[in-house]
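Here are my notes on this one, jotted down while going through the model. Have a look at the structure, then read on.

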Amino acid sequence: MHPSEVLFQGKRQPLLLPACDHYAGSEKLMLKSMALQQELGPLFDITFDCEDGATAGSEPEHAQMIVRLLNDDGNRHNRIGVRVHDVDSPFFDGDLAVIVGGAAQRLAYVVLPKANGAADVARAIEAINVHAAKGGRLTPMPVHVLVETHGALREADAIAAQPQVECLSFGIMDFVSSHYGAIPGAAMRTPGQFTHPLVVRAKLEMVAACHAHGKVPSHNVTTDIKDSAVVANDAQRAAAEFGFTRMWSIHPDQIKPILKAFTPRLSEVNEATNILTEGKNASWGPISQNGRLHDRASYRYYWTVLQRAKLAGLALPDAAAALVNEPQPAT
(Lines give C-alpha, C1' and ligand atoms only; values in the text may rest on other atoms or scores of the structure.)
Protein backbone atom coordinates (compact mmCIF):
# COMPACT_ATOMS: atom_id res chain seq x y z
CA MET A 1 0.00 0.00 0.00
CA HIS A 2 1.06 3.59 -0.59
CA PRO A 3 2.37 5.25 2.62
CA SER A 4 -0.54 7.70 2.68
CA GLU A 5 -3.02 4.82 2.48
CA VAL A 6 -1.34 2.99 5.35
CA LEU A 7 -0.99 6.02 7.60
CA PHE A 8 -4.47 7.45 7.06
CA GLN A 9 -6.59 4.32 6.98
CA GLY A 10 -10.10 5.36 7.94
CA LYS A 11 -8.96 8.96 8.38
CA ARG A 12 -9.27 11.92 6.08
CA GLN A 13 -5.93 13.24 4.90
CA PRO A 14 -5.62 16.94 5.75
CA LEU A 15 -5.79 19.40 2.89
CA LEU A 16 -2.56 21.22 2.12
CA LEU A 17 -2.36 24.58 0.35
CA PRO A 18 0.53 26.94 -0.42
CA ALA A 19 1.44 28.75 2.80
CA CYS A 20 0.99 32.26 1.40
CA ASP A 21 -2.18 33.78 -0.05
CA HIS A 22 -1.28 37.03 -1.79
CA TYR A 23 -4.09 39.55 -2.35
CA ALA A 24 -4.13 41.95 -5.31
CA GLY A 25 -6.88 44.46 -6.03
CA SER A 26 -5.90 46.47 -9.12
CA GLU A 27 -4.96 45.26 -12.58
CA LYS A 28 -1.43 46.63 -12.17
CA LEU A 29 -0.89 44.71 -8.93
CA MET A 30 -2.53 41.59 -10.35
CA LEU A 31 -0.13 41.56 -13.28
CA LYS A 32 2.88 42.08 -10.98
CA SER A 33 1.68 39.21 -8.79
CA MET A 34 1.26 36.93 -11.78
CA ALA A 35 4.77 37.75 -12.98
CA LEU A 36 6.18 36.90 -9.55
CA GLN A 37 4.26 33.62 -9.46
CA GLN A 38 5.68 32.76 -12.88
CA GLU A 39 9.16 33.46 -11.51
CA LEU A 40 8.88 31.59 -8.21
CA GLY A 41 6.46 28.89 -9.30
CA PRO A 42 3.22 27.88 -7.53
CA LEU A 43 4.77 28.33 -4.09
CA PHE A 44 2.11 30.91 -3.22
CA ASP A 45 -1.48 31.54 -4.24
CA ILE A 46 -2.86 34.80 -5.60
CA THR A 47 -6.33 36.09 -4.76
CA PHE A 48 -7.82 38.70 -7.06
CA ASP A 49 -10.04 40.99 -5.00
CA CYS A 50 -13.50 42.13 -6.07
CA GLU A 51 -14.76 43.18 -2.63
CA ASP A 52 -12.20 45.91 -1.91
CA GLY A 53 -10.43 45.99 -5.26
CA ALA A 54 -13.15 47.47 -7.46
CA THR A 55 -13.82 51.18 -7.33
CA ALA A 56 -17.44 52.17 -6.71
CA GLY A 57 -19.42 52.06 -9.91
CA SER A 58 -16.93 49.92 -11.83
CA GLU A 59 -17.72 46.53 -10.29
CA PRO A 60 -18.88 44.85 -13.56
CA GLU A 61 -15.81 46.08 -15.46
CA HIS A 62 -13.54 44.91 -12.62
CA ALA A 63 -15.06 41.42 -12.82
CA GLN A 64 -14.56 41.31 -16.59
CA MET A 65 -10.92 42.31 -16.16
CA ILE A 66 -10.40 39.49 -13.66
CA VAL A 67 -11.87 36.94 -16.08
CA ARG A 68 -9.50 38.14 -18.80
CA LEU A 69 -6.47 37.69 -16.52
CA LEU A 70 -7.61 34.30 -15.22
CA ASN A 71 -7.95 32.98 -18.77
CA ASP A 72 -4.65 34.53 -19.86
CA ASP A 73 -1.54 32.44 -20.51
CA GLY A 74 0.04 34.32 -17.60
CA ASN A 75 -2.10 32.20 -15.26
CA ARG A 76 0.44 29.47 -15.76
CA HIS A 77 -0.20 27.36 -12.67
CA ASN A 78 -3.95 27.79 -12.19
CA ARG A 79 -3.31 28.88 -8.60
CA ILE A 80 -5.28 32.13 -8.66
CA GLY A 81 -8.55 32.56 -6.76
CA VAL A 82 -10.98 35.43 -6.38
CA ARG A 83 -12.65 37.16 -3.45
CA VAL A 84 -16.17 38.04 -4.53
CA HIS A 85 -18.60 40.43 -2.87
CA ASP A 86 -20.50 39.08 0.13
CA VAL A 87 -23.63 37.00 -0.37
CA ASP A 88 -25.96 39.88 0.51
CA SER A 89 -24.26 42.37 -1.83
CA PRO A 90 -26.07 43.43 -5.01
CA PHE A 91 -22.85 42.54 -6.87
CA PHE A 92 -22.57 38.95 -5.57
CA ASP A 93 -24.60 37.29 -8.32
CA GLY A 94 -22.87 39.36 -10.99
CA ASP A 95 -19.43 38.37 -9.68
CA LEU A 96 -20.36 34.69 -9.90
CA ALA A 97 -21.97 34.93 -13.32
CA VAL A 98 -19.02 36.78 -14.84
CA ILE A 99 -16.02 35.30 -13.03
CA VAL A 100 -17.04 31.77 -12.08
CA GLY A 101 -19.08 31.34 -15.24
CA GLY A 102 -16.34 32.82 -17.40
CA ALA A 103 -13.26 31.20 -15.88
CA ALA A 104 -14.57 28.12 -14.08
CA GLN A 105 -11.83 25.86 -15.39
CA ARG A 106 -8.95 28.20 -14.52
CA LEU A 107 -10.13 29.45 -11.12
CA ALA A 108 -8.40 27.90 -8.10
CA TYR A 109 -11.03 28.87 -5.50
CA VAL A 110 -13.66 31.42 -4.51
CA VAL A 111 -13.33 33.43 -1.27
CA LEU A 112 -16.55 34.37 0.55
CA PRO A 113 -16.35 37.45 2.80
CA LYS A 114 -18.63 38.49 5.66
CA ALA A 115 -20.59 35.26 5.89
CA ASN A 116 -22.86 35.35 8.94
CA GLY A 117 -22.94 31.60 9.41
CA ALA A 118 -23.07 28.16 7.82
CA ALA A 119 -26.38 28.88 6.05
CA ASP A 120 -24.83 31.83 4.18
CA VAL A 121 -21.94 29.62 3.08
CA ALA A 122 -24.22 26.82 1.93
CA ARG A 123 -26.35 29.28 -0.05
CA ALA A 124 -23.26 30.78 -1.68
CA ILE A 125 -21.84 27.37 -2.56
CA GLU A 126 -25.10 26.39 -4.23
CA ALA A 127 -24.93 29.51 -6.41
CA ILE A 128 -21.22 28.97 -7.15
CA ASN A 129 -21.90 25.42 -8.30
CA VAL A 130 -24.59 26.55 -10.74
CA HIS A 131 -22.24 28.99 -12.45
CA ALA A 132 -19.27 26.60 -12.32
CA ALA A 133 -21.33 23.95 -14.10
CA LYS A 134 -22.34 26.49 -16.76
CA GLY A 135 -18.65 27.29 -17.20
CA GLY A 136 -17.81 23.64 -17.84
CA ARG A 137 -16.10 22.79 -14.57
CA LEU A 138 -16.22 19.06 -13.87
CA THR A 139 -14.87 19.10 -10.29
CA PRO A 140 -16.29 20.93 -7.25
CA MET A 141 -15.12 24.53 -6.92
CA PRO A 142 -13.07 24.96 -3.71
CA VAL A 143 -14.41 27.65 -1.40
CA HIS A 144 -12.53 29.73 1.21
CA VAL A 145 -14.52 31.50 3.90
CA LEU A 146 -13.55 34.64 5.79
CA VAL A 147 -14.32 34.40 9.49
CA GLU A 148 -14.87 38.03 10.45
CA THR A 149 -18.37 38.13 11.96
CA HIS A 150 -19.78 36.87 15.24
CA GLY A 151 -21.99 34.41 13.37
CA ALA A 152 -19.18 32.92 11.31
CA LEU A 153 -17.04 32.44 14.42
CA ARG A 154 -19.92 30.86 16.30
CA GLU A 155 -20.53 28.40 13.44
CA ALA A 156 -16.90 27.92 12.37
CA ASP A 157 -17.09 24.16 12.93
CA ALA A 158 -20.22 23.79 10.78
CA ILE A 159 -18.64 25.93 8.07
CA ALA A 160 -15.39 23.94 8.08
CA ALA A 161 -17.39 20.71 7.88
CA GLN A 162 -18.87 21.61 4.49
CA PRO A 163 -17.09 19.45 1.88
CA GLN A 164 -16.31 22.22 -0.63
CA VAL A 165 -14.82 24.50 2.02
CA GLU A 166 -11.06 24.00 2.07
CA CYS A 167 -9.87 27.05 4.01
CA LEU A 168 -11.04 29.46 6.71
CA SER A 169 -9.32 32.86 6.89
CA PHE A 170 -9.42 35.12 9.92
CA GLY A 171 -10.47 38.69 9.11
CA ILE A 172 -9.06 40.54 12.07
CA MET A 173 -9.98 44.12 11.18
CA ASP A 174 -13.67 43.43 10.58
CA PHE A 175 -13.75 41.17 13.63
CA VAL A 176 -12.27 43.80 15.93
CA SER A 177 -14.48 46.51 14.43
CA SER A 178 -17.58 44.40 15.05
CA HIS A 179 -17.01 44.89 18.79
CA TYR A 180 -17.54 48.67 18.46
CA GLY A 181 -14.66 49.73 20.65
CA ALA A 182 -14.82 46.92 23.23
CA ILE A 183 -11.62 45.56 21.67
CA PRO A 184 -8.99 48.31 21.21
CA GLY A 185 -7.63 49.09 17.77
CA ALA A 186 -4.20 47.96 18.94
CA ALA A 187 -5.53 44.38 18.83
CA MET A 188 -5.52 44.57 15.03
CA ARG A 189 -1.72 44.31 15.04
CA THR A 190 1.14 42.81 17.01
CA PRO A 191 1.48 42.36 19.93
CA GLY A 192 -2.23 42.88 20.72
CA GLN A 193 -3.47 40.48 18.08
CA PHE A 194 -1.64 37.64 19.86
CA THR A 195 -2.50 38.65 23.43
CA HIS A 196 -5.99 40.17 23.61
CA PRO A 197 -8.23 37.43 25.05
CA LEU A 198 -11.16 37.89 22.65
CA VAL A 199 -8.91 37.87 19.59
CA VAL A 200 -6.89 34.92 20.88
CA ARG A 201 -10.12 33.01 21.56
CA ALA A 202 -11.43 33.74 18.06
CA LYS A 203 -8.24 32.62 16.34
CA LEU A 204 -7.95 29.43 18.37
CA GLU A 205 -11.59 28.46 17.84
CA MET A 206 -11.31 28.98 14.08
CA VAL A 207 -8.02 27.06 13.86
CA ALA A 208 -9.41 24.20 15.95
CA ALA A 209 -12.46 23.96 13.67
CA CYS A 210 -10.21 23.74 10.63
CA HIS A 211 -7.98 21.03 12.00
CA ALA A 212 -10.97 19.01 13.22
CA HIS A 213 -12.10 18.70 9.60
CA GLY A 214 -8.72 18.58 7.85
CA LYS A 215 -9.07 22.09 6.43
CA VAL A 216 -6.53 24.94 6.18
CA PRO A 217 -6.55 27.86 8.67
CA SER A 218 -5.23 31.10 7.17
CA HIS A 219 -3.93 33.97 9.31
CA ASN A 220 -4.88 37.59 8.79
CA VAL A 221 -2.83 40.32 7.15
CA THR A 222 0.10 42.23 8.60
CA THR A 223 -0.69 45.85 7.77
CA ASP A 224 2.92 47.00 8.15
CA ILE A 225 4.17 46.70 4.58
CA LYS A 226 7.52 48.45 5.04
CA ASP A 227 9.20 46.24 7.64
CA SER A 228 9.59 42.63 6.54
CA ALA A 229 10.70 41.68 10.07
CA VAL A 230 7.20 42.45 11.35
CA VAL A 231 5.47 40.11 8.92
CA ALA A 232 8.12 37.45 9.57
CA ASN A 233 7.47 37.67 13.31
CA ASP A 234 3.71 37.58 12.82
CA ALA A 235 3.95 34.55 10.55
CA GLN A 236 6.23 32.72 12.97
CA ARG A 237 3.89 33.33 15.91
CA ALA A 238 0.81 32.42 13.87
CA ALA A 239 2.39 29.09 12.94
CA ALA A 240 4.16 28.17 16.17
CA GLU A 241 1.70 29.46 18.78
CA PHE A 242 -1.70 29.27 17.06
CA GLY A 243 -1.51 26.41 14.57
CA PHE A 244 -2.11 28.39 11.38
CA THR A 245 -0.69 26.83 8.22
CA ARG A 246 -1.28 29.71 5.80
CA MET A 247 -1.24 33.52 5.88
CA TRP A 248 -2.33 36.48 3.82
CA SER A 249 0.08 38.80 2.06
CA ILE A 250 -0.85 42.30 0.89
CA HIS A 251 2.54 43.32 -0.52
CA PRO A 252 5.02 41.35 -2.67
CA ASP A 253 7.75 41.91 -0.06
CA GLN A 254 5.67 39.93 2.45
CA ILE A 255 5.52 36.74 0.40
CA LYS A 256 9.00 35.31 1.01
CA PRO A 257 9.04 35.97 4.79
CA ILE A 258 5.67 34.25 5.10
CA LEU A 259 6.80 31.25 3.07
CA LYS A 260 9.98 30.93 5.14
CA ALA A 261 8.08 31.03 8.44
CA PHE A 262 5.67 28.26 7.41
CA THR A 263 8.21 26.01 5.68
CA PRO A 264 9.66 23.12 7.73
CA ARG A 265 13.29 23.55 8.67
CA LEU A 266 15.91 21.32 7.10
CA SER A 267 16.50 19.62 10.46
CA GLU A 268 12.78 18.73 10.62
CA VAL A 269 12.87 17.37 7.08
CA ASN A 270 15.91 15.22 7.85
CA GLU A 271 14.33 13.92 11.06
CA ALA A 272 11.09 13.11 9.22
CA THR A 273 13.02 11.34 6.47
CA ASN A 274 14.92 9.12 8.90
CA ILE A 275 11.84 8.20 10.93
CA LEU A 276 9.64 7.47 7.93
CA THR A 277 12.33 5.44 6.20
CA GLU A 278 12.74 3.24 9.27
CA GLY A 279 8.97 3.05 9.67
CA LYS A 280 8.52 1.87 6.09
CA ASN A 281 11.28 -0.73 6.54
CA ALA A 282 9.36 -1.99 9.58
CA SER A 283 6.14 -2.22 7.50
CA TRP A 284 4.85 0.80 9.44
CA GLY A 285 4.99 -0.99 12.75
CA PRO A 286 6.45 0.70 15.88
CA ILE A 287 10.14 1.59 15.90
CA SER A 288 12.59 3.07 18.37
CA GLN A 289 14.88 5.85 17.20
CA ASN A 290 17.25 7.70 19.51
CA GLY A 291 15.48 6.14 22.47
CA ARG A 292 12.03 7.38 21.41
CA LEU A 293 9.04 5.33 20.31
CA HIS A 294 7.42 6.08 16.96
CA ASP A 295 4.29 4.51 15.51
CA ARG A 296 1.63 5.44 12.97
CA ALA A 297 0.51 8.45 14.99
CA SER A 298 3.93 10.09 14.76
CA TYR A 299 4.42 8.79 11.21
CA ARG A 300 1.36 10.80 10.16
CA TYR A 301 2.91 13.93 11.67
CA TYR A 302 6.24 13.45 9.91
CA TRP A 303 4.51 12.53 6.65
CA THR A 304 2.81 15.93 6.77
CA VAL A 305 6.17 17.62 7.40
CA LEU A 306 7.50 16.15 4.15
CA GLN A 307 4.36 17.09 2.24
CA ARG A 308 4.60 20.70 3.44
CA ALA A 309 8.28 20.82 2.52
CA LYS A 310 7.51 19.52 -0.96
CA LEU A 311 4.71 22.06 -1.40
CA ALA A 312 7.12 24.85 -0.39
CA GLY A 313 9.56 23.81 -3.10
CA LEU A 314 12.31 22.48 -0.84
CA ALA A 315 14.82 20.09 -2.36
CA LEU A 316 14.10 16.91 -0.41
CA PRO A 317 16.69 14.27 0.49
CA ASP A 318 16.61 11.36 -1.96
CA ALA A 319 14.96 9.04 0.54
CA ALA A 320 12.26 11.60 1.32
CA ALA A 321 11.65 12.32 -2.36
CA ALA A 322 11.26 8.60 -2.99
CA LEU A 323 8.60 8.42 -0.27
CA VAL A 324 6.49 11.43 -1.21
CA ASN A 325 6.84 10.94 -4.96
CA GLU A 326 5.93 7.27 -4.89
CA PRO A 327 2.95 6.96 -7.24
CA GLN A 328 -0.34 6.21 -5.57
CA PRO A 329 -2.27 3.23 -6.97
CA ALA A 330 -5.15 4.01 -9.28
CA THR A 331 -8.52 3.99 -7.56
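1. Let's begin with Leu276, which sits in helix α12 (residues 266–281). Bear in mind throughout that this is a predicted model.

2. Is Leu276 buried or exposed? Its relative accessible area comes out at 0%, and the cut-off for buried is under 20%, so Leu276 counts as buried.

3. Now over to α10, a helix of 15 residues (228–242). At 1.5 Å a residue it should span 21 Å, and the end C-alpha atoms are 20 Å apart, so the geometry agrees with expectation.

4. Which residues of α10 are buried? They are Val231, Asp234, Ala235, Arg237, Ala238 and Phe242. Looking down the axis of α10, these buried residues fall within an arc of 165 degrees, so they line one face of the helix.

5. As for what covers the buried residues of α10, the list includes α9 (197–212), β7 (216–219), β8 (246–249) and α11 (252–262).

6. Last, the two ends of α10. At the start, a side-chain oxygen of Asp227 comes within 3.0 Å of the backbone nitrogen of Ala229. Just after the helix, Gly243 has a positive phi of about 80 degrees.

Technical notes. Residues are numbered from 1 along each chain as its sequence is written. This is a predicted model: local features need pLDDT of at least 70, side-chain atom pairs count only at pLDDT 80 or more; totals for chains, interfaces and linings use all residues. Side-chain values use heavy atoms; hydrogens and water are left out. Helices (H or I, at least four residues) and strands (E, at least two) are DSSP runs, numbered from the N terminus. The expected span of a helix is 1.5 Å times one less than its number of residues. Buried means under 20% relative accessible area, exposed over 50%, partly exposed in between (1.4 Å probe, protein chains only). The arc is that of the directions from the helix axis to the C-beta atoms. Contact means heavy atoms within 4.5 Å. A polar contact is a pair of N or O atoms within 3.5 Å; within protein, one must be able to donate a hydrogen and the other to accept it, and residues adjacent in sequence count only if both atoms are side-chain atoms.
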